[in-house]
Amino acid sequence: MMDAEAGIRAALEKMWKASCQALDESADEILKISSQTYCPVDTGLLKSTAKDELVVDSDSEHTRELSYDTDYAKIVHEVPYNHYNPPLAQYKYLEVPMRLQEQKVVANIQSAVRDSIDS
Amino acid sequence: MTLETYLSDIATYLQTQGYGVVGSSTTSTPIQIGGYYESTYNAIFLTSYGGSDSNEIVSTEASSINPDFQILVRHSSQQTAIETSASIYRLLRKKVSWDIGTTHFIYVRGKAPPIFVRKTNSGFFEYSINFSASLSD
């Protein structure tokens, strides 16, 4: 009986680790898309401050925070304005790629969990 | 034609609720759609900015489109800007099965309380409120 319990615990541990890793990779991909495609570039300062931070990492919660760490990041993100460099640069440069990728994040985590069970 | 007109319907609703007048106005707060100007007057701007794909199941209704939109409140008084943006946020943050103008909203959901954006060079305070919506197409 103890062996079965240990086996279930080990499987759950593998699933949790796989889903955390999938989330990390997905967050990294979103930030790359954001900074390289959507983030407006003038001096390059805004783009260089793109930050991917693990803010909670416990046995039950794994949270990543994506941000741009400069004073005017919020203004560029929230004020509608035409940005031309790079060609797809726009306001909402972090929110738009996040929304575009959100279903892929869920799919990535599902797939990672499935793989961890199969392996 | 809901995707093309839903912002107009929301702007008209804000007008009926007393927030201003749709279009240009010198006597009341203009509620303007799609545009944003470095102007020196109090105003409310509605802007659509993408959204999510409709393959998530949000209701039993067969066909929906899910745009995101932003309402930007600008006012010379910070207190008024705070109060107006908070009031609009409360008004629209939890609408379900809501018919306004020609649009049937499956839902309108506030993403977050108002965000202070900046004080403009001309001394106006701007607050941003962001929403997700789902419309029958």
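Reply: The model is predicted.

Me: In what sense do strand 5 of chain B and strand 6 of chain B pair, and over how many bridges?

Reply: The pairing is antiparallel and runs over six bridges. One of the bridges links B:Ile100 to B:Thr103, the latter in strand 6 of chain B.

Me: How many of the seven residues in strand 5 of chain B are buried?

Reply: The count is zero, and strand 5 of chain B is hardly covered. B:Ser97 sits in this strand. B:Ser97 is exposed because 11 other C-beta atoms lie within 10 Å, and 12 or fewer is the cut-off for that class.

Me: What is there to notice in the backbone of B:Ser97?

Reply: Most residues other than glycine have a negative phi, and most peptide bonds are trans. B:Ser97 has a positive phi, near 45°. A:Lys92 also has a positive phi, near 60°, and is a residue other than glycine. A:Lys92 belongs to the loop between helix 3 and helix 4 of chain A.

Me: How do I read a helix, say helix 2 of chain B? What span should its 15 residues have?

Reply: At 1.5 Å a residue the helix should span 21 Å, and its end C-alpha atoms are 21 Å apart, so the two agree. Next, look at burial. B:Ala81, B:Thr84, B:Ser85, B:Ile88, B:Tyr89 and B:Leu92 are buried in helix 2 of chain B. Seen down the axis, these buried residues fall within an arc of 135°, so they line one face of the helix. B:Gln79 and B:Arg90, on the other side, are exposed.

Me: What covers the buried residues of helix 2 of chain B?

Reply: The cover includes helix 1, strand 4, strand 5, strand 6 and strand 8 of chain B.

Me: And how should I read the largest nonpolar core?

Reply: In soluble globular proteins, nonpolar side chains tend to be buried together. Here the largest nonpolar core has 43 residues, and those touching the most other members are B:Leu14, B:Ile44, B:Ile71, B:Val73, B:Ile88 and B:Ala133. Among the elements giving two or more residues to this core are helix 1 of chain A and helix 1 of chain B. Strand 8 of chain B gives the most, with six residues. Beyond its neighbours within four places in sequence, B:Ile44 has contacts that include B:Leu14, B:Ile71 and B:Val73.

Me: Last, the contact between the chains. How many residues does each chain supply?

Reply: Chain A supplies eleven residues and chain B supplies 13 residues. On the side of chain A that touches chain B, helix 3 and helix 4 of chain A each give two or more residues. Helix 4 of chain A gives the most to that side, with four residues. By type, the residues on this side of chain A are five nonpolar, one polar and five charged.

Terms used: Residues numbered from 1 in each chain as written. Chains lettered and ligands numbered in written order. Predicted model: local features only at pLDDT ≥ 70, side-chain atom pairs only at ≥ 80, totals over all residues. Contact = placed C-beta atoms within 7 Å. Nonpolar A, V, L, I, M, F, W, Y, C, P; charged D, E, K, R; others polar. Core = buried A, V, L, I, M, F, W, Y, C linked by C-beta atoms within 7 Å. Buried ≥ 20, exposed ≤ 12 C-beta atoms within 10 Å, placed from the backbone. Expected span 1.5 Å × (residues − 1). Arc of directions from axis to C-beta. Pairing = 2+ DSSP bridges.
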